[in-house]
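Hi,

Here's the model I promised to send over. Have a look at it first, then read on for my notes.

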Amino acid sequence: MTASTTVFSRARSAAWLLLPAVFLAGCSPKPAVEDPVRAVKVVTVGASEFDAQPEFSAEVRARVESRLGFRVAGKITRRQAELGQHVQAGQVLAQLDPQDYRLAAEAARAQQAAALTNRDLAAADLKRYRELREQNFISGAELERRETTWKAAQAQLEQAQAQLSSQGNQANYTTLVADVAGIVTAIEAEPGQVVQAGTPVVRIAQDGARDVVFAVPEDRATLVKIGSPVTVRGWSGGNELQGQVREVAASADAVTRTYSVKVAIDAAASPPLGATVYARPQALAHATTAVMKLPTSALRQEGKGSAVWVLDKSTMTVRSQPVQVATADGNEAVIASGITPGMMVVAAGVHVLSPGQKVTIYQSKEAAAAAANAEAKASAQPVAAVAATDKEIAAGATGGVAK
């Protein structure tokens, strides 16, 4: 056996000996990765006042709002009304093509003329036959036939006159006019559109009384009575108005299953038509009580209930705490049970935490900079004192002033 063969055999034996060690190293468990320490915002639970008087979003509407349409069918040729325009009674709003109705009126006028001629002819014949009957030249039966002919001609004339009047009205109905003064709140048809009789074209909110309309759930609808006071305030502030409940819907809305409530307010001080306002029914008010509130961002779903993360200040870890939500107050949730005053609850970032995870309290850049400056000033004072002491020591050792 040569020397090179011997070296190769020894190297192969060493490789076989190292294989188990390689396999053991590959099968060894990986070191556990610790959860990162996250910065969280926290709030301290405390009691705060809660005004139990509910506030509903409402809309200012006219007491009477009419949808006006043509009384005949046809094609719209012009529309004079514009959205938001104030119109007076008798003002023209839109027009249909009147040509067909004019032709029908002319035909009715011709029929009236023919019926008038027939009636006059029958009247002349009746007069002559009456004279002949007085002279006994004709029988009484013949005179009766002439009277019947005259009556039929007279009835045909009256029918033609009524037909002419009807056709004249039809022609006049091609012009849509406002029957009351008000504000145009909607346009539901445009020129060129063919509409049927009665199809809404323009919606007008009549001038005069104004209502505030809002919806209440079924469990509170029975508490709101007609005549009960309601406080109304504008969406963007302003003076509060006092109104009274004028009407409560007798049945629930088919879609929302809520009951509509209409509140009468002073038209002179009313916000603009269609404005959004807040309505606070006095019948639903309750005494102010002290409750515990949390931001809605602090809540999370856990199983079939709600829970929050509570911070343990001693270990700087979080734990899950089930809570029961009573109601909402704006962007805050009123907590009925599960927390006590003094607890520190995570208010943001709740979806990235896990039980027992270590956290730090988040500080804004301004707060962190202020804390760093305060710490720097506190640490600088002892250093200055030590430096002064060293100078005094040096001065005493040399018997002079230290430089």
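This is a predicted model: local features need pLDDT of at least 70, side-chain atom pairs count only at pLDDT 80 or more; totals for chains, interfaces and linings use all residues.

Residues are numbered from 1 along each chain as its sequence is written, and side-chain values use heavy atoms, with hydrogens and water left out.

Searching the whole structure turns up 17 salt bridges (a side-chain nitrogen of Lys or Arg within 4 Å of a carboxyl oxygen of Asp or Glu). One of them pairs D211 with R63 at 2.9 Å, N to O. D211 sits in strand β12 (residues 210-216) and R63 in the loop between β3 (56-62) and β4 (65-69), so this contact ties together parts 148 residues apart in sequence. (Strands are DSSP runs of E, at least two residues, numbered from the N terminus.) D211 is buried at 2% relative accessible area, while R63 is partly exposed at 33%; buried means under 20%, exposed over 50% and partly exposed in between, with a 1.4 Å probe and protein chains only.

Next, R280 and E240 meet at 3.0 Å, N to O. This pair also links distant parts of the chain, 40 residues apart: R280 is in strand β16 (residues 276-281), E240 in the loop between β13 (229-234) and β14 (241-248). R280 is buried at 16%, and E240 is partly exposed at 44%.

Then there's R300 with E302, at 3.1 Å, N to O. Shared partners also join E55, R233, E240 and R280 into one salt-bridge network.

Cheers

Key. Helices (H or I, at least four residues) and strands (E, at least two) are DSSP runs, numbered from the N terminus.
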